Amino acid sequence: MTNSLKIIWDELSEKPVSALDVPRLRTYMERMAQLQITEKLAILADAAKYDASCASSGTVKRSSSKAGGIGSTEGMGICHAYAPDGRCISLLKILLTNSCIFDCHYCINRKSSNVRRAMFTAKEVVDLTLSFYKRNYIEGLFLSSGIIKSSNYTMEQIVEVARSLREDHDFRGYIHLKTIPDADPELLAAAGRYADRLSINVELPTHAGLQRLAPEKSEARIEGAMGGLKEEIADNKDAKKKYKSAPNFAPAGQSTQMIVGADAATDGDIVFKANSLYDRFSLRRVYYSAFSPIPDASAVLPLKRPPLMREHRLYQSDWLMRFYGFAPAEVIDAADADGMLPLDIDPKLAWALKSRAMFPLDVNRASRDLLLRVPGLGVKAVDSLIRARKWRRLRLEDVGRLTVSVAKVRPFLIAEGWSPGSLTDAQDLRALLAPKVEQLELFA
Ligand code: SF4
């Protein structure tokens, strides 16, 4: 049982009533029923942790169950996501089943994997969601699944969960459904009528990678399903403009996930793929999930997970394309000769160091688009500078108040009373700006 869910589930469990008040058999049956759900929850919440689409990943492992204290960063079962209005919401994150008829090499739930299997009924997922929701532990549901019997059968069960929550129980909370790309378009359309967000995992950034590691999946079918959802979402937006009462269709859009480091794809391949997905399918988010070695791993997989920093650099490059006006080719310019983004410095700084001819920029005159290229300046800082410079000439100290590291900004900006001179072209600028590597304590 996962830590976080166990604590909650213990609270949900009915305390034993006096044996004199309750027939022994009934108590026994209730306990058994609870145990089954508890076990399923343990297996199916744990199995869902490999999906990064709403995970709060990237921190160190800590657990009060091992070292005392309170809390754990290792628990799974409840994850966080951002609603369309920016609120952070907690979701019950589970699989309908971890059984699967496919055999994707990178997946712990693949057909040939030697793991304990479990499956919820649609009603059990509905009851669990409502139980957690009523106690204010969650604000929604993230439901994914292995494929059982057939894609259509699995999708029917997933849709039934969402339908029952919305229609039978008038559930107004957030629902994110992972959809099965091979399922009939009518089933995907039905999912969109009940869910806030839909997602279809592209899994691997290259066609070759998908063929090698998930041979039963098809890039064409995955992208075909994404294209169908894009059209439904766009049609629904148009209908909403004309008729306020038009029913919703996945109002929080669609997203996808790519596994990083399970195949030979470079960061360049991943950046181009992500950009192409954003462009063609109007995705809200592409999530990057560093491949983590699984028990009983297939021999075709790498033995070690890629550095978590690689995942972080890809998220930063994603932000450069979505919010800073970078073209994918410019992000790739920041990469090293092997197509990989540097791990020791962020991609914006890496790009600026290779594009020094366009610096320094005058903070009092440069356009917003150009100022967004300056390492160390975020969108909010640039907008604040542009507002402030209407009233007075800005000095480096003014910029310093809006950035975490003025040292990072100085070589790339001219301000009132400040010019970087030869610093912009200094040979050792990278070494000067790269974060210092912390000395490990030998005898800690
Ligand atoms: S289809 Fe999904 S659940 Fe099944 S093996 Fe592939 S990745 Fe795992």
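This is a predicted model: local features need pLDDT of at least 70, side-chain atom pairs count only at pLDDT 80 or more; totals for chains, interfaces and linings use all residues.
Local features were considered at pLDDT of at least 70 and side-chain atom pairs only at pLDDT 80 or more, whereas totals for chains, interfaces and linings use all residues. Residues are numbered from 1 along each chain as its sequence is written.

The chain has 17 helices and nine strands, taken as DSSP runs numbered from the N terminus (helices H or I, at least four residues; strands E, at least two). Of its 444 residues, 38% are buried. A residue is buried if 20 or more other C-beta atoms lie within 10 Å of its own, exposed if 12 or fewer, and partly exposed in between, with C-beta atoms placed from the backbone. Two residues are in contact if their C-beta atoms, placed in this way, lie within 7 Å. Among contacts with a separation of 6 or more, 66% join residues 24 or more positions apart.

The largest nonpolar core contains 102 residues; such a core is a set of buried Ala, Val, Leu, Ile, Met, Phe, Trp, Tyr and Cys residues joined through C-beta atoms within 7 Å. The members that touch the most others are Leu44, Leu92, Leu143, Ile158, Ala162 and Ala191. At least three residues of this core come from each of domain 1 (3–57 + 72–306) and domain 2 (355–433), the bounds being those of an automatic or database domain assignment.

Ala162 also takes part in the packing of helix H5 (residues 151–168) against helix H6 (residues 185–194). Two packed helices are described by the angle between their axes and the distance between the axes. The axes of H5 and H6 come within 9 Å and cross at roughly 20°, and H5 is therefore roughly parallel to H6. Axes are lines fitted to C-alpha atoms, for helices over the stretch in contact, and angles run from 0 to 180 degrees between N-to-C directions. Angles under 35 degrees count as roughly parallel, over 145 as roughly antiparallel, 65 to 115 as roughly perpendicular and the rest as oblique. The crossing of H5 and H6 is left-handed; this term applies if the near helix is turned anticlockwise from the far one by less than a right angle, and right-handed applies if clockwise. On the H5 side, the residues that meet H6 are Asn152, Met155, Glu156, Ile158, Val159, Ala162, Arg163 and Arg166. Their partners in H6 are Leu187, Ala190, Ala191 and Tyr194. Beyond its neighbours within four places in sequence, Ala162 is in contact with Ile175, Leu177, Ala191, Tyr194 and Ala195.

Ile175 belongs to strand S4 (residues 174–178) and is buried because 24 C-beta neighbours lie inside 10 Å. With neighbours within four places in sequence left aside, Ile175 has contacts that include Gly140, Leu141, Ala162 and Leu165. Ile175 and Leu165 are ten residues apart along the chain, with their C-alpha atoms separated by 9.4 Å. In strand S3 (residues 140–144) lies Phe142, which is buried, with 27 other C-beta atoms within 10 Å. The C-alpha atoms of Phe142 and Arg197 are 9.3 Å apart, although 55 residues separate the two along the chain.

Asp267, Ile270, Val271, Ala274 and Asn275 in H9 meet Leu314, Ser317, Asp318 and Met321 in H10.

Helix H10 (308–323) is also among the partners of helix H12. H12 (residues 347–354) is mostly covered, with seven of its eight residues buried. These are Pro347, Lys348, Leu349, Ala350, Trp351, Ala352 and Leu353. Besides H10, the buried residues of H12 pack against helix H11 (328–333), helix H16 (406–409) and helix H17 (429–433).

Most residues other than glycine have a negative phi, and most peptide bonds are trans. The peptide bond from Phe359 to Pro360 is cis, with omega near 0°, and Pro360 is located in the loop between H12 and strand S8 (361–362). Positive phi values occur at Asn136, near 70°, and at Ser282, about 50°. Asn136 is placed in the loop between helix H4 (122–134) and S3 and counts as exposed, with 8 C-beta neighbours inside 10 Å. Ser282 is placed in the loop between H9 and strand S7 (285–290) and is partly exposed, with 15 other C-beta atoms within 10 Å.
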